[in-house]
Amino acid sequence: MLSLTWALEVGEVKRFPSMGQAASYGGLTSAQRGSAGQEQREPISKQRNKHLQTILIEAAKLAPRHNPQLAAVHERELQRGNRNRATLAVARKLVAYLMAVDKSGQPFQMRASGAEAA
């Protein structure tokens, strides 16, 4: 479901020069305001693709159960903040995975961690 929604909502991934811009399009970044050289971060931006954001968040809630790397990201962020922040970190990682698959044209392959590779 996530990959289909990604393909339909994003279209050509080349329109996003960076992962940060793709995450912003998906509504996974905070709004920023700046004045007189000072930047202020605000809650999640309202300028987003709501449908894509919903799918990414729901996938991020389930993904740590099935992917050890995403589980590590989730656990690390849980230690630093709250559950919602951890879910957003996993969703951003999912966007990075989706962009990598789109740009490479190769199927997703989970990398072996150091313990698994030995």
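This is a predicted model: local features need pLDDT of at least 70, side-chain atom pairs count only at pLDDT 80 or more; totals for chains, interfaces and linings use all residues.
Me: What percentage of the residues in the chain are buried?
Reply: A residue counts as buried when its relative accessible area is under 20%. The chain has 118 residues. Of these, the buried residues make up 32%.

Me: In what order do the helices and strands of the chain run?
Reply: The secondary structure comes to six helices and two strands. Read from the N terminus on, the order of the elements is α-α-β-β-α-α-α-α.

Me: Which element gives the most residues to the largest nonpolar core?
Reply: This core has 26 residues, and those that touch the most other members are Leu2, Trp6, Leu28, Leu56, Leu94, Val95 and Met99. The elements that give two or more residues to the core are α1 (2-10), α2 (19-25), α3, α4 and α5 (83-104). With nine residues, the element that gives the most is α5.

Me: Which residues does Leu2 touch, not counting residues up to four places away in sequence?
Reply: Leu2 is one of the core residues that touch the most other members. In soluble globular proteins, nonpolar side chains tend to be buried together. With residues up to four places away in sequence left out, Leu2 touches Ile55, Leu56, Ala59, Leu94 and Leu98.

Me: Among contacts between residues at least 6 apart in sequence, what percentage join residues at least 24 apart?
Reply: Two residues are in contact when heavy atoms lie within 4.5 Å. Of the contacts in the chain between residues at least 6 apart, those that join residues at least 24 apart come to 57%.

Me: Which helix holds both Glu58 and Lys61?
Reply: The side chains of Glu58 and Lys61 meet in a salt bridge, at 3.6 Å from N to O. Glu58 is partly exposed, with a relative accessible area of 43%, and Lys61 is partly exposed at 45%. The two residues are three apart, about one turn of the helix, and both lie in helix α3.

Me: Which residues are linked in a network of salt bridges?
Reply: The structure holds three salt bridges. One of them joins Arg76 and Glu77 at 3.8 Å, and another joins Glu77 and Arg80 at 3.0 Å. Glu77 and Arg80 both lie in helix α4 (residues 68-80), three residues apart. The residues linked in the network are Arg76, Glu77 and Arg80.

Me: Is Glu77 buried or exposed?
Reply: Glu77 has salt-bridge partners in Arg76 and Arg80. Arg76 is partly exposed, with a relative accessible area of 46%, and Arg80 is exposed at 64%. The relative accessible area of Glu77 is 10%, and the cut-off for a buried residue is under 20%. Therefore Glu77 is buried.

Methods. Residues are numbered from 1 along each chain as its sequence is written. Side-chain values use heavy atoms; hydrogens and water are left out. A salt bridge is a side-chain nitrogen of Lys or Arg within 4 Å of a carboxyl oxygen of Asp or Glu. Helices (H or I, at least four residues) and strands (E, at least two) are DSSP runs, numbered from the N terminus. Buried means under 20% relative accessible area, exposed over 50%, partly exposed in between (1.4 Å probe, protein chains only). A nonpolar core is a set of buried Ala, Val, Leu, Ile, Met, Phe, Trp, Tyr and Cys residues joined through side-chain atoms within 4.5 Å.
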